[in-house]
Amino acid sequence: MGQENRIKVGLAGCGYWGSKHLRVLNELPDCELTAMCEPSTENLDKVSKAFLPEFITDDFDEMLETDIDAVVIAAPARLHYPLAKAALLKGKHVLTEKPFATTGEHALELAELATSRGLTVMVGHTYVFHPAVQYLKELVNSGELGELHYIHTARLNFGLLQPDVDVLWDLAPHDLSILFYLLEDEPMVAGARGAARINPHLAEVAHLDLEFMDGLFAHIHVSWLEPVKVRRMTLIGSEKTVVYDDVAQGEMIRIYNKSITLGERNGETGFAPPTYNDGDITVPFVKPGEPLKLEDAHFMDCIRTGARPRSDGWQGLKVVNILESASRSLYNSGSLEDLTPRYYFQTNNGATADESNGHTRAGARLNGNGRRANSRARAGRSNGNQTAVKGQVGE
Ligand SMILES: NC(=O)c1ccc[n+]([C@@H]2O[C@H](COP(=O)([O-])OP(=O)(O)OC[C@H]3O[C@@H](n4cnc5c(N)ncnc54)[C@H](O)[C@@H]3O)[C@@H](O)[C@H]2O)c1
């Protein structure tokens with residue numbers, strides 16, 4: 001690509017994660033990093049001078065006055081909204097780190113602003129660009145796992161306590177964005193428990209439970225307090241189980257060919273003895289690729305082509321909406337927070353989607369087999385007349 005056609009980018013924030021964007025943006029052939037905003041001289045001193053652009057400021061507004069086309073925001077979470085909003089109002093495309101914003105209201109405002117101005121807005125949901133997650137997506141779509149029984153994830157580490165958000169807002173965006181990407185579905189109910197042991201104001205460990213429309217359960221465990229680093233996602237299916245272990249280099253995906261089926265019911269006791277099916281464990285090859293580089297390259301592509309980013313503002317909003325509900329639960333002793341379509345959707349005639357087609361908490365009704373009634377063709381997707389409103393535009 002000719003120098004003159006490259007997308008001019010400004011980077012805001014060059015701390016732990018911003019320094020990685022700095023390297024990656026320098027490596028992308030269609031990106032020209034021309035400006036940077038970083039108030040900490042100490043952090044600036046830590047990065048390779050070879051990567052630094054000529055224009056460096058500690059004033060974000062000053063960076064916006066330069067001829068950059070786009071900004072990448074890797075500043076602390078509380079600044080994502082004001083910085084992204086200022087950039088969008090100046091006509092710049094935006095990639096902001098997760099979480100998209102720290103309130104649903106702000107996330108919605110950013111998503112709407114970008115849409116109304118025809119600008120690309122993208123959220124740093126890095127894992128949806130991970131080749132292993134791409135593999136999981138293909139596996140789920142192929143139906144090889146059978147019907148999903150449940151999912152659990154663990155993202156545990158020691159340290160990197162954030163000053164402005166708790167562990168849920170810091171780490172759970174990764175698991176939530178992966179789940180939404182894999183399932184193409186959103187939960188109806190969320191509940192969270194956790195504890196703030198070091199900083200009394202911000203939880204350092206949290207357990208988040210989600211229930212999806214068709215009764216699928218997912219459990220997310222995040223912690224900043226664990227000496228043993230774990231980044232694992234397990235999808236238990238009726239045919240096979242897959243474990244994605246992000247710290248197991250070279251063998252991140254393991255597929256267990258194990259399942260349980262019930263036999264014939266015994267007339268006398270009524271007991272149907274289970275059969276345990278046990279087969280191979282396979283470790284497929286996952287093609288290499290640095291997720292952050294793939295993410296930033298995707299941002300460049302979307303700016304150039306106008307394509308909708310895989311992790312656009314509307315995806316960012318979905319994650320923030322769940323985090324808001326989970327926070328209410330977390331700081332309210334684990335109360336169950338209802339996320340039914342009533343909360344998200346309304347039809348053209350003003351009726352809520354669940355009123356118009358009978359999807360009143362359909363996921364909570366059992367069918368004749370004692371299983372949840374399958375309602376994956378959920379409100380707002382099944383009815384072409386329905387208009388997504390607050391929080392779900394762009395579905
Ligand atoms: N996608 C991922 O996998 C991933 C991983 C780690 C962190 N992050 C995200 O990256 C963001 C930064 O996290 P971090 O760990 O690098 O924090 P950090 O504290 O190391 O870095 C933040 C940097 O932003 C700078 N900053 C502060 N105010 C600024 C302003 N007004 N304009 C520009 N820069 C400003 C700080 O001086 C600091 O250098 C967070 O939102 C975090 O959630 C994402």
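This report walks through the ligand surroundings and a few backbone features of a predicted model.

## Around the ligand

Let's start with the ligand. A shell of 23 residues surrounds the ligand, and the closest are Gly13, Gly15, Tyr16, Trp17 and Ser40. Sorted by class, this shell holds twelve nonpolar residues, seven polar ones and four charged ones.

## A cis peptide bond

Next comes the backbone. Most residues other than glycine have a negative phi, and most peptide bonds are trans. With that in mind, have a look at the peptide bond from Lys98 to Pro99: this bond is cis, and its omega is near -10°. To find the spot, go to the loop between strand E5 (93-97) and helix H5 (104-117), where Pro99 lies.

## Two residues with positive phi

Glu184 is not a glycine, yet its phi is positive, near 50°. You can find Glu184 in the loop that runs between helix H7 (167-183) and strand E8 (187-195). Is Glu184 exposed or partly exposed? Glu184 has 13 C-beta neighbours inside 10 Å, so it counts as partly exposed; a residue counts as exposed if it has 12 or fewer.

Ser333 sits in the loop between helix H9 (313-330) and strand E15 (337-338). Here the count of C-beta neighbours inside 10 Å is 8, and therefore Ser333 counts as exposed.

Methods
Residues numbered from 1 in each chain as written. Predicted model: local features only at pLDDT ≥ 70, side-chain atom pairs only at ≥ 80, totals over all residues. Near = placed C-beta within 6 Å. Nonpolar A, V, L, I, M, F, W, Y, C, P; charged D, E, K, R; others polar. Helix = DSSP H or I, 4+ residues; strand = E, 2+ residues; numbered from the N terminus. Buried ≥ 20, exposed ≤ 12 C-beta atoms within 10 Å, placed from the backbone.
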